[in-house]
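Subject: Structure handover

Hello,

Here is the structure I promised. Please open it and keep it beside you as you read.

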There are 2 protein chains.
Amino acid sequence: MGFTPRRFMGAKPPKASLLLPFLLPVLLVGGQGDENAALDNVVTERMAEESHRQDSAYLLIFIMLLTLTILTIWLFKHRRFRFLHETGLAMIYGLLVGVILRFGIHVPQSMNDMVLECAVNASPATLLVNISGRFYEYTLKGEVSRGKDHQVQDDEMLRKVTFDPEVFFNILLPPIIFHAGYSLKRRHFFRNIGSILAYAFMGTVISCFVIGLIMYGFVSFMKVVGQLGGDFFFTDCLFFGAIVSATDPVTVLAIFNELKVDVDLYALLFGESVLNDAVAIVLSSSIVAYQPVGDNSHSFEAMAVLKSFGIFLGVFSGSFSLGVATGVMTALVTKFTKLRDFPLLETGLFFLMSWSTFLLAEACGMTGVVAVLFCGITQAHYTYNNLSRDSQDRTKQLFELLNFLAENFIFSYMGLTLFSFQSHVFNPMFIIGAFLAVFLGRAANIYPLSFLLNLGRRNKIGMNFQHVMMFAGLRGAMTFALSIRDTATYARQMMFSTTLLIVFFTVWICGGGTTPMLSFMSIPVGVDSDQEHSSSAVLDGSQRRSTKHESAWPFRIWYNFDHNYLKPLLTHSGPPLTATLPACCGPLARCLTSPQAYENEGPLHDDDSDFILNDANVSSMYADVTVSTDASGSRTINPKHSGAGPFNDSRDGELDPAERDLVIRGTRLVLPMDDPVEPPTTVTLPPPPSPPLSEPHRHRL
Amino acid sequence: MGFTPRRFMGAKPPKASLLLPFLLPVLLVGGQGDENAALDNVVTERMAEESHRQDSAYLLIFIMLLTLTILTIWLFKHRRFRFLHETGLAMIYGLLVGVILRFGIHVPQSMNDMVLECAVNASPATLLVNISGRFYEYTLKGEVSRGKDHQVQDDEMLRKVTFDPEVFFNILLPPIIFHAGYSLKRRHFFRNIGSILAYAFMGTVISCFVIGLIMYGFVSFMKVVGQLGGDFFFTDCLFFGAIVSATDPVTVLAIFNELKVDVDLYALLFGESVLNDAVAIVLSSSIVAYQPVGDNSHSFEAMAVLKSFGIFLGVFSGSFSLGVATGVMTALVTKFTKLRDFPLLETGLFFLMSWSTFLLAEACGMTGVVAVLFCGITQAHYTYNNLSRDSQDRTKQLFELLNFLAENFIFSYMGLTLFSFQSHVFNPMFIIGAFLAVFLGRAANIYPLSFLLNLGRRNKIGMNFQHVMMFAGLRGAMTFALSIRDTATYARQMMFSTTLLIVFFTVWICGGGTTPMLSFMSIPVGVDSDQEHSSSAVLDGSQRRSTKHESAWPFRIWYNFDHNYLKPLLTHSGPPLTATLPACCGPLARCLTSPQAYENEGPLHDDDSDFILNDANVSSMYADVTVSTDASGSRTINPKHSGAGPFNDSRDGELDPAERDLVIRGTRLVLPMDDPVEPPTTVTLPPPPSPPLSEPHRHRL
């Protein structure tokens, strides 16, 4: 009987019983003999091969897209265009390719995507199919949009280009979020931690509810007017509020970093947007968990709200502790083994442990992305100090690259989905409402909270800062990933389409407008760390000293605890535990303190100087201090990497430690110095500092 | 009607008609109303979540396994154990976890893997299922082993732990193979290229046919004796020969590298095993392509053989040219853009272009792994020279890490499959035959070919070298990946089980025995590059000069062409094209030559010195020359990275270029030198060279 592709493409959901006549012959056909089976086997293999070939081609499209993006980014950087960020660029390319795929390419009819059909009463994750007496396993891919009888082939192609949304959550987001945690500038972050937590937690919740309520108003109005084509419950509105409240750390902050905007503004925005993402994930999943309590439970119910709140707390704290736990474990392993002798092993371990956080959290029913964020922060705070310099470079470069690729992939994919996604619901009224709600939600987050925070803060958050924070609350990767995760219902499809537009708008318009905005708000650009104090004067004329201990007493207690006990326990730095622990713990303390701690005790400024700041070392510790050569050719070298996180914003930090050490060794030939960090200005070096070697590293990314 | 898990687990392939009564109620059930659908939807979502959670847990097992392996590797390196390589270790851990999963853990009956069943007459790649009036898409996962009525749950778990074999080909192998190409020591490789090609191409084909014939004899005998439980054709024997002929570059060569064995032996073994893999892949797919010509075509047929040979040539040359083409393209892009100012972009581009080779080849129906190998070689030969130093480090570290992780993953997975794979066919007679055949096949490759090669070679390949090459022909990742790719038939299952044993045996016994073997064969260990000539004396007393131009005239023509035209065209090094091209091409040549080429023309030894060797610079160019400090504290610095591939075997090469440059700058303060490479021995540096900085880099991996 051979193999003939049967095409029972289901038109408008037919009654299942209608399928019976089609299925009967199929059922009676089994077990026709071995040679047929063998031939079928070969055909199946061919088909699988063909499908693999197509998949490769589709993936190739994305790789080419990314390559193109990279080349254009280079051109932009080279020509110093600033009006469009690389993520905006990636989206434009994605859009173009989406248009081409949608309208330009038509796949010819072929047998390779034969669709068979049978009817059962539930959608199990696994399906066994009896084919000529052999059993094949099928896995659930998702629901197919109904009512598309025509252009099946093209739809098939577009569907193939559209990835499984879980790819975003399980593959693309983790490196981005880990990188955000790992590259957090911890000094500025911890200095503003109170405000950041307020914006991230309270602000996001406020924004979520404000947006939810406004949207509920709009949706109710649309129902009255008859503009709504399907169900849209209050929980859907809240869900929309949750996913749209996550601001994106990528775009604006890259710009801020490049422009060297005020460090406190940077810390506030970056810290908020990173923690934001975590809050939004957990918030949205709590809202989803709220939904199916009863059968028609889309109304408000006190118990269910409490339960959702409980879920929120449980998931958040669970993910938090998992992330911190793996971070601490990695720190202990790297401290107590001599793994640092083998950078490859060390980097491998670091990578695997960080990844396992994600998997562990997912396996426990927690949120992997949130766990990964806190794992990243812990790794940067403790483990990073234990790594060999080689591994420090390797890990930061690795995650930088992964982050870069994942980020650009997501943004070009966003552009692509505008045309490749097949169930868009663009409702003009909903879109207008959403834009308004997003704007108001952001305002309800920033202005009232800033007012409240300013009551407690010694260096106030000025109005110009507030305006910029309002303006720079872009929506990006996380919002997109949350909205594409589930596009089964009408409400979700409308949300997805609207979210896409919001992301486009904020990235292109707000992202592109950030630089003019900054100058309009007279926020100083090009602030070097040394001028930090002059820039802090912008903060409503507070005194110099106030920049230091902004944070409240619970944070200061934590700093002391961290400095005295955790740092010495988990890293090689800090005061030895023998000095900080009570005498009774002597043997334990000796056993846990690394020999380096005794040596370091005196001169070395370790990471905890991030927190316990005193006026004297502020300028010498800041990350951006560079090798500077003045006009007379004399050279002053300040330590790099001393008190800063793993990712300083200056890329040229890489060779310099070696350089420093060696120039020092060189100068020692002439004039041995007591203080190796500051060679005397009397030693004249060849006037051009070091063009051939460090020149390529000078440029920033 | 709610949702009740239905378990129609197919016992011993039943007649399809038997399923009818089960299917009928299912078919008649569709369209029961919306609330049921919504509830089903929630349940489906829950199940998908549960399944995702399990997947995370299973992946976590592997990550933990790798972490454990890393820690043990460190312990072994720390304690200087040599008898077991890390890959052997990974296999042991895999075995242990396999035993635990198989016998220790029993998954309780739960609803999360409900299996439904319906019968159709072919196994399409996509299946549409009508569930209560909604359409769900299912994708083919593979055939399920029959006749397993019991312990469905445990089987389910074991099956989940067993990855899709395509994962190996599409995710794990490419980085390994690319790394092999990228880290090829090109100088030694090209010096022995004639012999390497002979071993890799002719040798693998010989070995394939010898093994195939021997196995055919064994199988025929087994058929007579009645030991065979299924079909086993001649093509199956040849296929077995092809997959078992691929020797593994990983294990032994890591040992060789660590022990610093004779460089020519190293080059021969490494080069052979790398190209070997490519040949074996293409050979095996050609044999598979031979099979389905007619219906009962498992006999020998001249036309089909020719066709297979044509496929072999086509696929090999196609993959080769694709790989080289993308490599050349990357070289051109990196040469003519100023991308080197942004190492992150550069690294990203490099990574994406290398990956796109794989996808492009797969999309064109070529072999991605082979393309990636030649892409790696091209990238190392041309593109590497154009990269900024930062990117050079980043790329090599990135691929080193990917290689390390993928390699250990594959080997621990191998250990695991011994217990988790459910269709093992261990046939003692077949296994004995296979071991014998593998041994004889290797012998038929090495000894006759060495004899023939020695007729043409000026420095002969000594008998001790031949014995070591015979002994060190381990089977590893590639053999495993090829054999697990298809385990549908009885023959393939038997092959897979046998292959697994062969891999275990060779990695543990041969891999562990390499060190004793080397000393038994009196092959010098710990050979430093400077002693190369003394070690080459081992090669049957040939003269010193003969080491240089071993290769025949076609290779020398290629060297000249490469040096005069390709290098200047694709990189910044080499003589300017204006000097090498005829005068008529003047304008074109000027436009294609980079400004650096003119500067470099004189003193700089670029990469092409890999090939055009003269006595004077042999020792100064060799990759292993290190900064050496003699007893008097004077220091001699020889250039690093000058003529060697991106991955020198010394890890400490990383900081040294900067170090060198800076020490030189330092010494210039005292005594400006004309030749910056050799600072005068009169300059006394502080006696301990530089312990704190470069100490962790001294250790080798």
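What share of the contacts in chain A with a separation of 6 or more comes from residues 24 or more positions apart? Such residues account for 80% of them. Contact means heavy atoms within 4.5 Å.

First, the ground rules. This is a predicted model: local features need pLDDT of at least 70, side-chain atom pairs count only at pLDDT 80 or more, and totals for chains, interfaces and linings use all residues. Residues are numbered from 1 along each chain as its sequence is written, chains are lettered from A and ligands numbered from 1 in the order written, and side-chain values use heavy atoms, without hydrogens or water.

Chain A has 27 helices and five strands. These are DSSP runs (helices: H or I, at least four residues; strands: E, at least two), numbered from the N terminus. Of its 701 residues, 59% are buried. Buried means under 20% relative accessible area (1.4 Å probe, protein chains only).

Now chain B. Helix H14 covers residues 389–420. Its 32 residues should span 46 Å at 1.5 Å a residue, and its end C-alpha atoms are 45 Å apart, which agrees. The expected span is 1.5 Å times one less than the number of residues. In H14(B), 29 of the 32 residues are buried, so the rest of the structure largely encloses this helix.

Helix H12 of chain B (residues 343–363) reaches 30 Å, close to the 30 Å expected. It is mostly covered, with 18 of its 21 residues buried. Just after H12(B), B:Gly365 takes a positive phi of about 80 degrees.

Best wishes

Key. Buried < 20%, exposed > 50% of the residue type's maximum accessible area, 1.4 Å probe, protein only.
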